[in-house]
Amino acid sequence: MNNASYGNFSEALHRRQSGRRVPAQVSIEVTRRCPLKCLHCYNNLPMGDQTARSQELTFEEHCKLLDELVAAGCLWLLYTGGEIFARPDFLDIYTEAKKRGFLITLFTNGTLITPKIADYLAEWRPFSIEITLYGATRETYEALTKIPGSYDRCIRGIRLLLERNLPLKLKTVPTTINKHEVYEMKRMAEEDFGVQFKFDPLVNPRIDCSQSPLAVRLSAEEAVELDFLDRRREKEYRELVEKLLAGGPPSAEQAKKVYGCGGGKSSCAIDPVGQMSICVLSHQEGYGIRSGSFREGWEGPLDAIRQKPSKGPTICSRCQLRPVCGMCPANGELENGDPEKPVEFLCQVAHLRMYVLGYDVPEHGDCANCKPGEARDALLASAARIRESMADPRRFGIMSTADPFKILQTQGSCGAGGCASCGTAAL
């Protein structure tokens with residue numbers, strides 16, 4: 001038997017599927033119920049929400065869906081929530097997915113993991129498990145989750161998985177509450193637990209249209225300052241920017257369509273009640289699989305959504321900074337109610353990264369963050385402050401400065417939702 005690394009296998013599979021429309025990656029939200037009440041969360045519901053529980057896909061419906069995904073050519077599954085272990089039957093659903101041969105990633109907060117669950121996962125190993133840390137200390141963690149005792153339950157869950165040598169990664173969402181502990185969370189992950197660590201500073205509004213999570217979102221200056229604490233990031237971003245500038249603006253053909261990510265082309269999402277959509281963040285349009293089948297949704301409504309023409313040019317249409325921005329239609333939906341309306345926070349972050357590196361931004365329409373826009377001077381002042389702070393991370397309130405801050409992934413990843421649709425190369 002010939003053996004191949006996962007990287008080579010994945011690359012070869014993507015190469016074979018290039019140009020074809022195949023749902024290779026599917027994200028499934030099994031529930032939106034969660035034992036935590038995180039201030040930044042975009043979709044959590046109370047654990048005891050009986051209305052939500054009664055509307056969730058049943059075990060039998062999940063099994064039917066898995067059979068349809070096999071027939072459609074899906075290989076990678078992401079199970080997410082809410083909190084996946086809020087469903088008492090989640091391990092039964094997971095086992096059925098394992099029996100069908102999927103490569104499965106689990107997103108969890110870790111607080112409901114017990115020795116029994118950890119033992120089961122050791123027997124039926126997932127491809128990957130990702131746990132979100134909300135703070136390095138009990139005080140900070142629970143200031144964000146609003147649940148006493150949740151920090152200790154999370155740490156216990158992490159240790160239970162590691163004791164069984166399960167494939168674990170840790171991550172966080174930097175907010176105004178925990179930003180000073182991001183560096184210490186990184187140290188904990190790598191030194192105390194021996195696992196990889198990543199973060200994503202994007203906080204979205206709630207899917208019920210509430211803007212409350214934005215109260216704890218970092219400013220553009222805070223996000224970019226944290227981004228550049230590792231001086232190696234400067235070199236990586238500079239190389240990326242040089243490549244983008246050399247490549248020129250997006251083509252006129254690219255600007256004619258709303259979607260340019262992998263959503264509806266190589267991936268999609270299914271929510272707890274069976275609504276199929278481009279990704280876990282997008283909910284304006286979709287298809288209910290309970291009234292039909294996955295294939296009907298993929299070949300019909302999702303294809304139509306994917307091919308949806310743009311209403312007209314925006315400042316994003318001809319912008320060369322998209323890969324250092326992270327703007328996507330789902331962000332526009334959540335923040336502005338319009339998939340084509342740019343998210344100002346993301347626009348500021350992208351421009352600020354350019355200004356910190358000493359680049360000007362190529363003209364791409366009437367943009368407030370470009371010359372002679374009204375916000376440009378403020379961003380240039382922010383860039384100057386960030387450059388001053390790069391020599392001393394303690395200005396940001398970081399707890400430790402023992403070694404450089406290696407950020408494994410920032411943009412191109414929906415850290416909270418895990419849409420897996422961006423296709424942007426992680427830095």
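Biologist: In which helix does Glu 299 lie?

Modeller: Glu 299 lies in α11, the helix of residues 294–299. Keep in mind that this is a predicted model.

Biologist: Why is Glu 299 called partly exposed?

Modeller: The relative accessible area of Glu 299 is 48%. Buried means under 20%, and exposed means over 50%. The value of 48% falls in between, so Glu 299 is partly exposed.

Biologist: How far apart are Glu 299 and Val 22, in sequence and in space?

Modeller: They are 277 residues apart in sequence. In space, C-alpha to C-alpha, they are 9.9 Å apart.

Biologist: On to the sheet. What is the order of strands in the open sheet?

Modeller: The order is β8-β7-β6-β5-β4-β1-β9-β10-β11. That makes nine strands, with mixed pairing.

Biologist: What makes β8 and β11 the edge strands?

Modeller: Each pairs on one side only. β8 covers residues 197–199, and β11 covers 287–288.

Biologist: How do you know that β1 pairs with β4?

Modeller: Pairing needs at least two bridges. Five bridges join β1 to β4, so the two strands count as paired. They run parallel. Val 26 has Leu 77 of β4 as its bridge partner.

Biologist: Which bridges join β1 to β9?

Modeller: β1 and β9, residues 267–270, pair over four bridges in the parallel sense. Ser 27 stands opposite Ala 269 of β9.

Biologist: Why is β1 described as mostly covered?

Modeller: Four of the five residues in β1 (25–29) are buried. Buried here means under 20% relative accessible area.

Biologist: How do β6 and β7 pair?

Modeller: β6, residues 128–133, pairs with β7 in the parallel sense over five bridges. The partner of Ile 129 in β7 is Leu 168.

Biologist: Now the helices. What describes the packing of two helices?

Modeller: The angle between their axes and the distance between the axes. For α5 (115–123) and α7, the angle is about 35 degrees and the axes are 9 Å apart. The crossing is right-handed.

Biologist: Which residues make the contact?

Modeller: From α5 come Pro 115, Ala 118 and Leu 121. From α7 come Arg 156, Leu 160 and Leu 161. By class, five are nonpolar, none is polar and one is charged.

Biologist: Why is Lys 146 called partly exposed, and why is Asn 165 called exposed?

Modeller: Lys 146 has 45% relative accessibility, which lies between 20% and 50%, so it counts as partly exposed. Asn 165 has 60%, which is over 50%, so Asn 165 counts as exposed.

Biologist: Which peptide bonds are cis, starting with the one from Gly 81?

Modeller: The bond from Gly 81 to Gly 82 is cis, with omega near 20 degrees. Gly 82 is in the loop between β4 (76–80) and α4 (90–99). Another cis bond joins Lys 371 and Pro 372, with omega about 5 degrees. Pro 372 is in the loop between α14 (344–357) and α15 (376–389).

Methods. Residues are numbered from 1 along each chain as its sequence is written. This is a predicted model: local features need pLDDT of at least 70, side-chain atom pairs count only at pLDDT 80 or more; totals for chains, interfaces and linings use all residues. Side-chain values use heavy atoms; hydrogens and water are left out. Buried means under 20% relative accessible area, exposed over 50%, partly exposed in between (1.4 Å probe, protein chains only). Axes are lines fitted to C-alpha atoms, for helices over the stretch in contact, and angles run from 0 to 180 degrees between N-to-C directions. A crossing is left-handed if the near helix is turned anticlockwise from the far one by less than a right angle, and right-handed if clockwise. Contact means heavy atoms within 4.5 Å. Ala, Val, Leu, Ile, Met, Phe, Trp, Tyr, Cys and Pro count as nonpolar, Asp, Glu, Lys and Arg as charged, and the others, Gly among them, as polar.
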